[in-house]
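Here's a quick briefing for anyone meeting this structure for the first time. Have a look at the model, then read on.

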Amino acid sequence: SVTQVTTDSEGLAEFGNIILQTAGDYSLSFDVASSGVSEVRTETFTIVAADGDPEKSDASVPAGTAGEETLITITVEDAFGNRVSGAANLLSVSVSGANSASPSATEAGNGVYNASYTPVSSGTDQVDIALDGAPISRSPYTSSVTTSDISSSESVVSANPATLVVGSSSRVTVEMKDANGNAIAGLTNSDFNISVSGNGTAGTVGEISPAGTYRFNVSNRTAQ
């Protein structure tokens, strides 16, 4: 942009209204509106970002899976939207809710910082992020943590009775859990593939209380 001023009685010109809001490298040029006076240009100088502004800073907090790392990405900007480097020690991250953690922030470059934690319980986590003690723009954030895959070592199957009398049935109860012991709810009969040896037959699988518990009947009309 162009700014015009008039020199004083001593031939001095003062520029008091130049405001640079974008970080970067600059040089100033001065053109005197007099014949025979050459343009004057300053050496290049650098404008750096101001201190980080919590209201201008933001984060991306994804949904999580129990037993897997959740990566939080934080972007720190100053009041003018410039990315701010060197602010890792001013960031604090606190996780509460289904899980609890206080991960440290590390600098990834260009005003971006990462923090991570590994949830073990399914549910909803609240993630509070602050810059120099003040919450950033959308804090607190939420992360919905889902269960991981079914674990055969954590899941439990029981039958009552374990031995059938011809013409009677046995009630089979299955407790579905992931590797972290979280109950896996919401399955339907079509999610199960049940094979019964001999002449036995299995009924429809349905979920009962508590969540993640399923039940079906096995019957046999032939002695074996």
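Predicted model: local features only at pLDDT ≥ 70, side-chain atom pairs only at ≥ 80, totals over all residues.

Residues are numbered from 1 along each chain as its sequence is written, and side-chain values use heavy atoms, with hydrogens and water left out.

- Helices (H or I, at least four residues) and strands (E, at least two) are DSSP runs, numbered from the N terminus.
- Strand β13 spans residues 141–146, with Tyr141, Ser143 and Val145 on its covered face and Thr142, Ser144 and Thr146 on its uncovered one.
- Two strands pair if DSSP finds at least two bridges between them.
- β13 runs parallel to strand β6 (residues 64–65), and two bridges join them; threonine 65 has threonine 146 as its bridge partner.
- With strand β11 (residues 123–131), β13 runs antiparallel, joined by five bridges; here glutamine 126 sits opposite threonine 142.

**Nonpolar cores**

- A nonpolar core is a set of buried Ala, Val, Leu, Ile, Met, Phe, Trp, Tyr and Cys residues joined through side-chain atoms within 4.5 Å; buried means under 20% relative accessible area, exposed over 50%, and partly exposed in between (1.4 Å probe, protein chains only).
- The largest core has 20 residues, and Ile72, Ile74, Val127 and Ile129 touch the most other members.
- Strands β7 (70–75), β8 (91–97), β10 (112–117) and β11 each supply at least two residues of this core.
- A second, separate core has nine residues, among them Val174, Ile184, Tyr214 and Val218.
- Leaving aside neighbours within four places in sequence, isoleucine 129 has contacts (heavy atoms within 4.5 Å) that include Val61, Ile72, Ile74, Val93, Ile136 and Tyr141.

**Salt bridges**

- The structure holds two salt bridges, each being a side-chain nitrogen of Lys or Arg within 4 Å of a carboxyl oxygen of Asp or Glu.
- One joins the side chains of aspartate 58 and arginine 138, at 3.1 Å from N to O.
- Aspartate 58 is in strand β5 (residues 58–60) and arginine 138 is in the loop between β12 (134–135) and β13, so this pair ties together parts 80 residues apart in sequence.
- Both ends are partly exposed: aspartate 58 at 28% and arginine 138 at 48%.
- The other links arginine 83 and glutamate 77 at 3.7 Å, N to O, and arginine 83 is partly exposed at 37%.
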